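Hi everyone, thanks for making the time. I'd like to walk you through the pockets in this one, so let's bring it up on the screen.

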Amino acid sequence: MSVTVDSYRTYRNLPPLAGIATFAEAAKPGLSVEACVARLKRFHYAFVRLHEIFTARITAEPIYELKTAFSHFAYLCAEHVQALRDRIAEMREPPLGLDEVPHEGLRIFFDEILAAPTTEELLLGICLAIPELDRAIERYQADTNPLTDAPSCRVLRFARLELADMIDFGQKAVAALIDEAALARTPGWPQFLMQCLASAGSIDGLAAISDPPSERVFSAKPYQYDRVPKRDERWQDPWNQAVNAEAFLYDETMPAKPKTLMMLFKRLREIDVPEMMASIIQETKGKPWGYYRDMSRQLWDEARHAMMGEVGFVSLGVDWTKARITLNWSHRLNTECTPIERHAVLYFIEQGLMTKTGKRYEWEVGQKSNVPLIATIQDFDWADEVLHAQLGREWYIPQIGEWKEALAYGDRCWTRILSNWQAVKEQGLTRHENWWPDIYRQACKTWGIDPDPTVLGYATTYEGARADLKNVCASA
Ligand SMILES: [Fe+2]
Ligand SMILES: [Fe+2]
């Protein structure tokens with residue numbers, strides 16, 4: 001009896017082909033290496049552009065939940081770009097040509113989303129692009145030979161897992177934020193995006209290809225990155241520098257438990273780091289992809305640190321919006337420094353965290369506080385910062401020279417930014433009201449203790465402190 005792909009049996013019916021496919025699936029010819037590379041390059045282009053869009057829109061996006069989600073998704077896209085680059089380089093294709101735009105229609109498609117004038121339009125564009133990319137990858141998975149092309153299949157399987165998360169978030173974000181009125185504001189734009197995509201034969205170029213649209217909508221004027229950070233309405237009084245968290249944290253006479261609140265404040269305040277790092281990534285062109293991947297990883301870690309602060313406050317029943325979380329740092333670095341100066345300042349701060357009084361100290365306070373979540377938060381925060389110091393060594397120092405020189409440069413850039421405590425007060429931007437007693441009282445209620453009068457009376461401000469606000473122990 002002759003054997004067919006359907007009747008063939010493995011030894012004692014063990015799963016066939018190392019678990020990747022059936023014989024029927026693996027016996028179809030599938031795609032050539034050349035055809036695979038052509039499609040993978042298009043997926044690569046899509047992830048590069050999505051990474052760019054998410055990163056560019058972090059700083060000026062006011063809604064915190066979107067700012068943190070964009071930080072997350074930018075990092076995921078950066079990882080998939082890296083994986084695709086590596087895979088394409090394995091396919092008899094030097095990684096050359098990865099910077100080529102596969103079709104002008106695709107370029108316009110992503111340019112339009114990048115330049116979307118409002119959060120709503122940006123979300124609509126993203127929520128159109130990501131499912132299209134996912135469908136294109138699904139077609140690839142159906143067409144390619146799962147055995148001959150197993151390494152690509154593996155990379156794409158991971159990509160689709162995370163695309164599914166992004167699609168889910170996007171659908172929920174659209175449902176929460178976009179109503180009929182928002183949709184009516186830009187009639188025809190989603191259709192225009194579809195036209196751009198159709199001209200490119202879709203993301204993968206399988207459909208008929210034609211000339212791209214001759215006119216643009218939002219990207220008719222080239223996109224300008226907005227480096228001024230913005231926050232939503234929960235972030236009141238953003239110039240307030242009334243409570244010097246570091247001075248409290250390092251005051252040996254203060255107890256550990258309230259110090260956890262200052263650490264949570266410092267963590268949440270770290271949302272200024274993604275706002276600032278996005279500007280470095282956006283305004284530094286021509287680096288190897290590893291630079292963008294690593295910087296995006298660090299950016300995402302800093303967004304996580306902010307969310308750790310948020311979770312910490314919520315778990316203690318504290319309304320964090322009663323704290324005043326300044327955007328002074330990201331605002332000033334983004335508007336007063338060049339990208340390399342910003343990177344220098346970041347590196348300088350993070351080096352300060354590696355000392356005994358840095359992240360180790362915060363972790364020890366967390367341990368002593370008897371608030372288990374804080375100990376976990378500081379443990380991982382510390383580990384992340386060790387990684388960031390390594391990333392700085394890899395990407396920042398070689399741009400300046402030696403370690404010492406690079407550190408001194410960071411210190412100089414920093415010193416140039418003088419305290420604006422008085423200036424923002426005189427300009428009427430803030431009255432530096434002391435928000436500490438409110439936050440402390442809320443936590444005491446949860447802890448079931450009476451506020452300690454000395455702790456309650458804490459009123460050391462950042463007046464005269466360096467503008468980074470972090471001269472005792474930086475919080476990046
Ligand atoms: Fe960091
Ligand atoms: Fe951090």
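Before we start, a word on how I sort residues: Ala, Val, Leu, Ile, Met, Phe, Trp, Tyr, Cys and Pro count as nonpolar, Asp, Glu, Lys and Arg as charged, and the others, Gly among them, as polar. Please also keep in mind that this is a predicted model.

Let's take the largest pocket. Its space comes to about 630 Å³, and 22 residues line it. If you want to find its centre, look for Val 48, Glu 52, Asp 99, Lys 285 and Trp 289, which lie nearest. Helices H2 (33-56), H4 (104-114), H11 (272-283) and H12 (289-315) are the elements that each give two or more residues to this lining. H2 provides the largest share, with seven residues.

Now, on to the second largest pocket, with about 300 Å³ of space. Here 13 residues form the lining, and Ile 20, Pro 146, Cys 153, Arg 154 and Arg 157 are the closest to the centre. Helix H5 (119-143) and helix H6 (150-177) each supply at least two lining residues, and the largest share, four residues, comes from H6. Sorted in the same way, this lining has six nonpolar, three polar and four charged residues.

Note on methods
Residues numbered from 1 in each chain as written. Chains lettered and ligands numbered in written order. Predicted model: local features only at pLDDT ≥ 70, side-chain atom pairs only at ≥ 80, totals over all residues. Heavy atoms only, no water. 1 Å grid on protein atoms, 1.4 Å probe; cavity = no way out; pocket = protein on both sides within 12 Å on 5 of 7 lines; lining within 4 Å. Points joined across faces, edges and corners; volume = space filled by probe spheres on them.
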